[in-house]
Amino acid sequence: MPDTLAFDPSRLKFGIGQPVPRAEDPTLLTGRGRYTDDIALPGQVWCVMVRSPYGHGVIRGIGTEAAKAMPGVLGVWTGADLPQFGPMVCAMPLKNADGSPLNSTKRQPLATDKVRHVGDPVAFVVAETKAQAKDAAEAVELDIEPLDAVTEASAAAAPGAPQLYDDHPNNVVLDFVGGDPAKVAEAFGKAAHVTKLSIRNNRIVVAAMEPRSAIGTVEDGRYVLRVGSQGVFGLRAQLAGQMGVDTKQMRVLTGNVGGSFGMKAGLYPEYPCLLHAAKQLGRPVKWTDERTGSFLSDAHGRDHEVEAELALDADGKFLAVRLTSYANMGAWLSAVSPLMGTGNFFKNVQSNYATPAIEVRTKCVLTNTTPISAYRGAGRPEGNYFMERLIEQAALEMGKDPVALRKRNHIKPDQFPYSAASGSVYDGGAFSELLDETLKASDAAGYPARLAASKAQGLLRGRGIGNFLECTAPPTKEQGGIRFEMDGTVTIITGTLDYGQGHWSAFAQVLHQSLGVPFAQVRLLQGDSDELIAGGGTGGSKSIMASGAAIAEASEKVIEKGKAAAAWALEAAVSDIEFEAHAGPEASGRFTIAGTDRAIGIMELAAKLRATPQKPEGVPENLDVTHVFDQAPMAYPNGCHVCEVEVDPETGVVRIDRYLAVNDFGVQVNPLLVAGQAHGGIAQGVGQALLEHVVFSEDGQLVSGSYMDYALPRAGDLPSITTESHSIPCKTNPLGAKGCGEAGCAGSLPAVMNAVVDALKPLGVTHIDMPATPERVWAAIQGAKA
């Protein structure tokens with residue numbers, strides 16, 4: 001709890017630091033959520049997309065006459081029928097090694113010259129019913145001349161590979177170099193030991209519970225898109241830019257969202273198609289993807305081929321780390337696709353170690369695969385994973401204890417603020433202390449006995465450590481509106497967006513802490529672009545730092561207005577008015593005349609202002625505030641995960657037996673939600689480490705195109721996860737929070753994979769790539785025996 005809390009914190013049941021259950025849950029768990037596909041507008045018609053069945057090919061013709069003649073069909077559109085929209089581009093200010101800018105693709109909603117991945121949209125059909133639209137979509141005749149395809153980034157960058165675009169030689173959009181190559185080369189030149197690992201960061205299907213869905217309409221002359229998103233303010237700007245209209249002519253609405261993990265953040269081709277058809281037909285046009293379409297058209301995550309190297313001196317001190325990578329972009333660039341394998345590798349491979357030199361070289365390469373975008377962590381888990389695998393391998397090669405090697409290189413408390421080689425400035429941390437605490441909590445002393453017990457059963461046991469630190473996205477400008485409503489509730493207006501995190505409860509706790517507004521009377525408005533003047537959306541583990549800070553600062557402005565209003569209501573001078581956020585038995589905010597017992601509660605004052613139309617000059621009309629929090633530096637959540645696995649050498653099956661995570665997330669507004677975020681991130685990390693893997697055939701067909709072929713983690717794949725806290729408040733944002741949404745992945749990838757390798761080490765296996773499926777583990781065991 002903050003030091004400013006001047007009373008017994010146990011009285012404040014709904015303030016910062018309390019494990020308040022999510023206010024959203026009763027609605028969602030009883031089926032009363034309102035997702036995009038739940039909406040049925042008057043006169044609504046249905047859209048179905050027509051997608052390429054080829055990974056690469058030249059479009060010779062698209063026959064639409066048969067489809068247009070089918071029952072219920074209102075229209076069939078190809079790229080030739082659409083206006084020349086502004087292209088979807090990646091505008092990230094990333095530069096090539098020679099200083100030239102990123103060479104972005106320029107995507108139109110529908111392909112007109114070539115198809116470049118299976119699922120590339122080439123046409124769409126609108127009909128009275130979804131069944132009619134599906135039937136007509138199947139009747140669209142595609143004349144596509146197949147071309148050779150390439151699906152691996154390294155292969156696509158090789159001489160003679162199939163070329164996706166004429167203006168992208170060797171399919172490279174960016175040849176990135178980050179860090180100080182000369183300094184790194186010098187460090188490697190004088191190193192006593194160099195550890196090298198070839199690591200594959202496997203491609204992931206995002207597989208959100210709710211498929212993408214959208215409804216396009218034209219209302220009062222304006223485009224309106226109802227869609228699941230991660231932030232309506234930014235999406236409105238992207239959509240208006242593509243359609244060539246002012247943002248005032250565009251409105252984006254988002255209700256409940258059934259998961260996203262980065263995938264629903266950006267613009268997709270379907271959205272301008274829906275709005276164009278809605279304008280032409282004068283009716284709402286709805287589209288909801290099916291799971292097969294989601295596998296093909298939703299942006300995938302990860303997919304990097306990495307050569308990782310760590311230079312050490314004779315005592316095991318880190319001298320430099322170097323990553324040389326190919327990053328698969330898929331067939332088109334999303335708004336952020338080059339970021340993960342470049343800047344986020346560079347920022348996060350440092351982790352919590354005092355490594356003096358870093359170099360990241362990455363070629364971002366186009367392939368005939370589904371486009372890549374952010375997926376939970378977006379380069380942060382990967383950077384930590386590469387470093388942790390290097391440390392374990394270096395300890396093995398040098399005959400050193402891996403725990404001691406980590407502590408030898410940890411940034412020490414007396415080094416803060418620490419200017420890292422990555423350019424980050426860490427404000428604080430207790431990395432070695434936290435590691436020791438984690439090992440103790442995980443019963444490291446009892447591990448030998450557990451190892452012997454597993455061996456007695458014919459099983460291989462391994463223990464893995466995932467010591468991590470990640471750099472959050474820096475908070476962008478964020479709105480913190482506060483509105484006192486006629487019905488006695490208080491509405492928070494924010495540009496971040498909850499797609500499963502529990503923002504309503506956490507933001508209400510910040511407001512309750514700041515103003516003493518009763519928790520049950522707080523409402524959240526977050527998914528209407530018309531209500532916003534700023535909004536960075538949700539992503540990069542920054543929501544509580546951005547929106548929380550905005551709410552806290554807006555609350556100060558409410559208090560300023562409230563003092564002027566209370567002076568009028570209590571017939572006193574403004575200078576005599578004081579505010580206490582938690583004064584009475586119910587811990588409700590109130591304004592008092594200093595030195596007296598005369599007071600008025602904040603809710604009563606808001607009601608009095610509403611009920612008094614004519615007020616003297618200087619008395620505010622209401623207590624409402626519209627405020628924009630400027631921004632704060634990124635924060636550095638960190639921690640340590642310890643995973644123990646058992647491996648059956650006869651089948652290769654890996655079972656997680658024990659899992660513990662100790663995290664430093666700074667001030668935790670709601671520890672219950674924080675634990676839930678950690679559990680979710682760990683589950684997704686386990687999925688990537690042991691199960692999930694996107695596979696394409698040589699001609700670009702998605703082989704793992706359904707849940708029959710793509711394995712998500714199930715309840716039986718996960719152990720009981722224990723989480724504990726070792727929190728040090730962040731010094732660079734008003735709440736002292738560090739963000740927690742992506743950290744579960746950052747710790748779990750290395751913890752699980754280090755545990756698997758540790759189990760296999762006695763057989764001579766020193767590295768295995770994700771996912772460590774039974775087949776892969778069994779093959780590694782057989783290879784070691786041979």
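This report describes a sheet, several helices and some backbone features of a predicted model.

## The seven-stranded sheet

The sheet is open and has 7 strands with mixed pairing, in the order β3-β5-β1-β12-β9-β10-β11. Its edges are formed by β3 (73-78) and β11 (250-253), each of which pairs on one side only.

At the β11 end, strand β10 (residues 222-227) and β11 run parallel and are joined by 4 bridges. Valine 224 has arginine 251 in β11 as its bridge partner. In general, the strands of a sheet pair through backbone hydrogen bonds, in either a parallel or an antiparallel manner.

## Helices lying on the strands

Two helices lie across strands of this kind. Helix α6 (residues 232-243) lies across β10 and β11, and runs at about 140° to β11. Helix α3 (residues 130-139) lies across β1 (45-51), β3, β5 (121-127) and β12 (285-288), and its angle to β1 is about 25°.

The buried residues of α3 include Ala133, Ala136, Ala137 and Ala139. They are on the same side of α3 because the arc they cover around the axis is only 155°. The packing partners of the buried residues of α3 are β1, β2 (57-63), α2 (65-68), β3, β5 and β6 (141-146).

## The α14 and α15 pair

Helix α14 (residues 503-515) packs with helix α15 (residues 543-570) at an angle of about 30°, and their axes are 9 Å apart. The crossing of these two helices is right-handed.

On the α14 side, the contact is made by His503, Ala506, Phe507, Val510, Leu511, Ser514 and Leu515. The α15 side contributes Ser543, Ile544, Ser547, Gly548, Ile551, Ala552, Ser555, Val558 and Ile559. By class, the residues of this contact comprise 10 nonpolar, 6 polar and no charged.

## Helix α16

In helix α16 (residues 602-611), the residues Ile602, Leu605, Ala606 and Leu609 are buried. These residues lie on the same side of α16, because they cover an arc of only 100° around the axis. The face turned away from this buried side carries Glu604 and Ala611, which are exposed.

The buried residues of α16 pack against both α14 and α15. They also pack against the strands β19 (478-484), β22 (577-580), β23 (590-593) and β24 (599-601).

## Residues with positive phi

Serine 541 is not a glycine, yet its phi is positive, at about 60°. Serine 541 sits in the loop between β21 (522-525) and α15. With a relative accessible area of 11%, serine 541 is buried.

Glutamate 571 also is a residue other than glycine with a positive phi, here near 55°. The loop that holds glutamate 571 runs between α15 and β22. Glutamate 571 is exposed, and its relative accessible area is 71%.

## Cis peptide bonds

The peptide bond between phenylalanine 416 and proline 417 is cis, with omega about -5°. Proline 417 is located in the loop between α11 (402-409) and β16 (418-419).

A cis peptide bond also leads from methionine 770 to proline 771, where omega is near -5°. Proline 771 belongs to the loop between α18 (743-760) and α19 (774-785).

Methods:
Residues numbered from 1 in each chain as written. Predicted model: local features only at pLDDT ≥ 70, side-chain atom pairs only at ≥ 80, totals over all residues. Heavy atoms only, no water. Pairing = 2+ DSSP bridges. Contact = heavy atoms within 4.5 Å. Axes fitted to C-alpha atoms, helices over the stretch in contact; angles between N-to-C directions. Left-handed = near helix turned anticlockwise from the far one by under 90°. Nonpolar A, V, L, I, M, F, W, Y, C, P; charged D, E, K, R; others polar. Buried < 20%, exposed > 50% of the residue type's maximum accessible area, 1.4 Å probe, protein only. Arc of directions from axis to C-beta.
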